[in-house]
Amino acid sequence: MIFVTKKQNPIFSFSILFLLFYMFSSPCSAMHSSTAHQQTYSIASPSSVDWKDKLNKFVDTLDYKDDIIGILACGSYVTGHPSAHSDLDVHIILKDDVKYRERGNKFVDGLLIEYFSNSPTQIRQYFRDDYKNMRTNSWVQFITGDIILDKVGVVKQLKDEAQAFFDRGFSEMDTSIGLLKRYELWDMLDDLHDAFETSRVDFDFMYYTNLDKLIATYMKLVKMPYNKKTILGNITSDIVRAKYLLSTLPHDFISESIQACILAKSRDDKIESYQKLTDQVMMLCGGFNIDGFKCKSSTDF
């Protein structure tokens with residue numbers, strides 16, 4: 001059995017945010033799996049969970065214990081105040097000469113454990129992938145995570161490397177928004193106006209879908225990671241910024257417009273807020289005029 005020592009966890013407050021029509025994020029994902037059927041489990045109360053004992057029990061069930069050289073726990077059970085829907089995120093670091101990786105979920109006495117088993121080389125590739133895709137998911141997990149086991153010091157090394165990536169940020173990346181992308185923003189706005197004026201039943205779906213793309217364009221422009229789960233909290237909550245190591249947006253007027261778009265309830269408020277945010281993002285991109293727009297490029301053959 002791999003014994004997990006108990007120590008005081010860092011305390012942060014946790015806040016559950018809004019959910020748009022759809023959401024995505026996949027931190028440090030190795031392989032996606034699906035289950036053939038649904039099963040109901042009894043979920044333990046977060047305030048009563050002794051997660052380290054349950055983590056010990058889970059690790060003891062793995063059939064590759066001899067390959068484990070480190071364990072890092074992260075997420076709300078570590079950073080503080082988990083909700084009834086929180087799971088325990090666990091990175092299991094394997095010997096560097098293994099030829100496999102594994103991702104999975106397992107209930108242990110009511111606690112859902114989501115685990116990612118990878119070699120240090122594979123984890124470093126995830127770090128590089130996050131940089132290329134302007135994400136900070138894996139970096140933040142390792143920076144804020146709790147070292148549970150570190151046989152050879154590699155978990156500490158990975159935490160330091162994640163911090164180095166985070167400190168570097170995305171300042172060296174070219175994130176300028178070209179004419180074709182600005183045309184796309186104009187076209188999304190035009191389509192939304194058409195849906196509004198013709199009272200289409202899918203207006204709200206189009207609104208949130210386009211808003212997601214519009215905010216993503218702005219976040220790329222200012223070289224900041226974008227996550228639907230945290231964008232409102234980034235604007236409104238010190239707690240969320242601390243939990244996910246987020247910086248405030250560089251333009252207060254954009255923050256106000258994004259918040260207005262997310263919280264808008266009526267169709268009138270939505271189209272007005274969306275128009276305003278589009279105009280602001282277009283201005284920051286360098287402007288756009290549909291009259292006379294053209295873009296000549298080489299062929300693909």
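Which residue forms a salt bridge with Arg200? The views below, taken from a predicted model, begin with that pair and then turn to other parts of the structure.

**View 1. The salt bridge between Arg200 and Asp202.** The partner of Arg200 is Asp202, and the closest N and O atoms of this salt bridge are 2.7 Å apart. Arg200 is partly exposed, with a relative accessible area of 33%, and Asp202 also counts as partly exposed, at 28% relative accessibility. The pair is one of eleven salt bridges that a search of the whole structure finds.

**View 2. The salt bridge between Asp204 and Lys270.** Here the closest N and O atoms of Asp204 and Lys270 are 2.8 Å apart, and the pair links distant parts of the chain, with Asp204 in helix H7 and Lys270 in helix H11 (residues 267-285), 66 residues apart. Asp204 counts as partly exposed at 24% relative accessibility, whereas Lys270 is buried, with a relative accessible area of 6%. Helix H7 (residues 203-221) has 19 residues, which at 1.5 Å a residue should span 27 Å, and this agrees with the 27 Å between its end C-alpha atoms. Helix H7 is followed by Lys223, whose phi is positive, near 60°.

View 3. The strands form an open sheet of mixed pairing, in the order E3-E4-E2-E1-E5. Because strand E3 (102-108) and strand E5 (146-150) stand at the edges with a single partner strand each, one side of each is left without a neighbour in the sheet. From one strand to the next, the twist averages 20°. Strand E1 (residues 68-74) pairs with E5 in the antiparallel sense over four bridges, and Ile71 stands opposite Leu149 in E5. Helix H1 (residues 51-59) lies across E1, strand E2 (88-94), E3, E4 and E5, running at about 55° to E4, while helix H5 (residues 154-168) lies across E1, E2 and E5, running at about 145° to E5.

View 4. Glu114 lies in strand E4 (residues 111-118) and is buried, with a relative accessible area of 13%. Beyond residues up to four places away in sequence, Glu114 touches Asp87, Leu88, Asp89, Val90, Arg103, Gly104 and Asn105.

**View 5. The salt bridge between Asp109 and Lys57.** The closest N and O atoms of this salt bridge are 2.6 Å apart, and the pair links distant parts of the chain, 52 residues apart, with Asp109 in the loop between E3 and E4 and Lys57 in helix H1. Asp109 is partly exposed, with a relative accessible area of 46%, and Lys57 counts as partly exposed at 43% relative accessibility.

Notes
Residues numbered from 1 in each chain as written. Predicted model: local features only at pLDDT ≥ 70, side-chain atom pairs only at ≥ 80, totals over all residues. Heavy atoms only, no water. Helix = DSSP H or I, 4+ residues; strand = E, 2+ residues; numbered from the N terminus. Buried < 20%, exposed > 50% of the residue type's maximum accessible area, 1.4 Å probe, protein only. Contact = heavy atoms within 4.5 Å. Pairing = 2+ DSSP bridges. Axes fitted to C-alpha atoms, helices over the stretch in contact; angles between N-to-C directions. Expected span 1.5 Å × (residues − 1). Salt bridge = Lys/Arg side-chain N within 4 Å of Asp/Glu carboxyl O.
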